[in-house]
Amino acid sequence: MNVSDTEIVNSILMEDGMQPVNEPNQAEVIFINTCSIRENAEERVWNRLKEFKALKKEKEGDLTVGVLGCMAERIRDKIMEKEKLVDLVVGPDAYRDLPKLLADVDDGRKAVNVLLSLEETYADVKPVRTNDNGVSAFVTIMRGCDNMCAFCVVPFTRGRERSRPAESILDELERLSDQGYREVTLLGQNVNSYNDGEHSFADLMYKASQVDPEMRVRFSSPHPKDFPEELLKIISEQPNLCNYIHIPAQSGNDEVLERMRRPYTRQQYLDLVDRMREIIPGVTLSTDIITGFCGETEEEHEDTLSLMARVKYDLAYMFAYSERGRTLAQRKYEDDVPEKVKKRRLSEIIEQQMNIQEELNKKEIGRRHLVLVEGPSKRSDEQLCGRTDTNKMVVFDREDYAKGEYVEVVITDCTSATLMGDPIKKSSIAEFEAEKITA
Ligand code: 5AD
Ligand code: SF4
């Protein structure tokens, strides 16, 4: 989401006549787009700001530093007065104000706008993607969140939920397709509740699938409490809607889920997973898990382990609970699981998850997948990497294939994180689909 926000900021600044540069020391203005989701995200920002302070000294003050995003509202006072690290603090709904705020700084004033909005979706801003691979793009479809999960700061930093009009989203997808993008990921904090007054999220996904049959569509993240069955059917019917769903569980224990204000039970979650697998055969799943939430007992932690063992996620994002200011958990519960215990539980779920991933990936050996090439692999220019429809990263020999192409690949080997394969031939979504049917 921050990547996507940065692309909106790029657009607003470039309209105002600014140009991106490659190195911090070439810049006259540096913005750091921040995240508040966990303490360690914020620590990294503070460290970067200290680096920029040194740079500012080197440049004898000829550098403006601004903080954008979620940390803006939370720490504007601290940032502006105590630390004197920044000139500009701008929250996620105030980016249109950037040119004016920069002018204020030029006039020698500190500039702040951290107001949240009920309407802002930046629908008319055309994001400028300076830093992606030209193959896959993020597209924000809604902003804010009304869910108020007890642990989460997002409703406070990003404000109320609002949906961007479908028409503007579909226009952007058209443009991306024309520019040669082959994959888009539709982004929102809670995409199931997308509603622009006319379209539900399922409507939007169907329309998105029709923009370009050779452009893959992914999305993140849905909430388990209100996953529409209609959407599962649409995903299973449309070949370019990817068979991969990120479905955050957070915990496998009913009492913890209740304390977290996650309005579903373990059983309801498992039933949803069963329905997903029934309606979309071969669908892969990933999740978010928080370990060591307030009051989490050893048994409750075991329930998370057993949920994860039962579902067998293809991928999981796992975090130790980090208390955030203003959240319900911070006001109401004690952050009483010792750091050491949180870390131990986190390593336990990570270890189990790595084993599950390796086991699942081994089953892929011998299977054929349609891989969308994203570019050279991390290790070698002689190899390419890209994802399967099911979101698994595959590495294979370059041969004559290129970025942005769909290549049919047979899987030959794996680790817990990556599949290795042999390329068979250049293909397309339509061709691969037709061959699947005849096979
Ligand atoms: N501590 C740890 N993890 C958190 N997340 C959100 N808030 C916190 C927190 N306070 C995790 C959740 C969410 C993901 C984006 O970040 O798992 O789904
Ligand atoms: Fe945070 Fe819950 Fe909203 Fe996700 S759904 S952004 S975890 S409050």
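Biologist: Where is Tyr-122 placed?

Modeller: Keep in mind that this is a predicted model. Phi of Tyr-122 is near 55°, a positive value in a residue that isn't glycine. Most residues other than glycine have a negative phi. As for its place, Tyr-122 sits in the loop between β4 (111-113) and β5 (136-140).

Biologist: Are α8 and α10 roughly parallel or roughly antiparallel to each other?

Modeller: Two packed helices are described by the angle between their axes and the distance between the axes. Helix α8 covers residues 229-237 and helix α10 residues 266-279; their axes come within 9 Å and cross at roughly 30°. The crossing of α8 and α10 is right-handed. Angles under 35 degrees count as roughly parallel, and α8 and α10 are therefore roughly parallel.

Biologist: Now take helix α6 and helix α7: at roughly what angle do the axes cross?

Modeller: Here we're looking at residues 166-178 for α6 and residues 201-211 for α7. The axes come within 10 Å and cross at roughly 25°. That makes α6 roughly parallel to α7. The crossing of α6 and α7 is right-handed, and the angle is roughly 25°.

Biologist: On to ligand 1. How much of what it exposes taken alone does the protein bury?

Modeller: Let's start with some contacts. An oxygen atom of ligand 1 lies 2.9 Å from an N or O atom in the side chain of Arg-38, and a nitrogen atom of the ligand is 3.0 Å from a polar backbone atom of Phe-151. For Gln-250, an N or O atom in the side chain is 2.6 Å from an oxygen atom of ligand 1. Taken alone, ligand 1 exposes 410 Å², and the share buried by the protein is 86%.

Biologist: Which elements give two or more residues to the shell around ligand 1?

Modeller: By class, that shell has six nonpolar, two polar and three charged residues. Asp-288, Ile-290, Phe-319 and Ala-320 are among the residues around the ligand. The elements you're asking for are β11 (284-291) and β12 (315-320).

Biologist: And how many nonpolar residues does the shell around ligand 2 have?

Modeller: The residues around ligand 2 include Cys-145, Met-148, Cys-149, Phe-151, Val-154 and Pro-155. Asn-147, Gln-189, His-223 and Arg-262 are also among them. By class, the shell around ligand 2 has one charged and three polar residues, while the nonpolar ones number seven.

Key
Residues numbered from 1 in each chain as written. Chains lettered and ligands numbered in written order. Predicted model: local features only at pLDDT ≥ 70, side-chain atom pairs only at ≥ 80, totals over all residues. Heavy atoms only, no water. Near = heavy atom within 4 Å. Polar contact = N/O pair within 3.5 Å; in protein donor to acceptor, adjacent residues only side chain to side chain. Areas by Shrake-Rupley, 256 points an atom, 1.4 Å probe, with all protein chains shown as cover. Helix = DSSP H or I, 4+ residues; strand = E, 2+ residues; numbered from the N terminus. Nonpolar A, V, L, I, M, F, W, Y, C, P; charged D, E, K, R; others polar. Axes fitted to C-alpha atoms, helices over the stretch in contact; angles between N-to-C directions. Parallel < 35°, antiparallel > 145°, perpendicular 65-115°, else oblique. Left-handed = near helix turned anticlockwise from the far one by under 90°.
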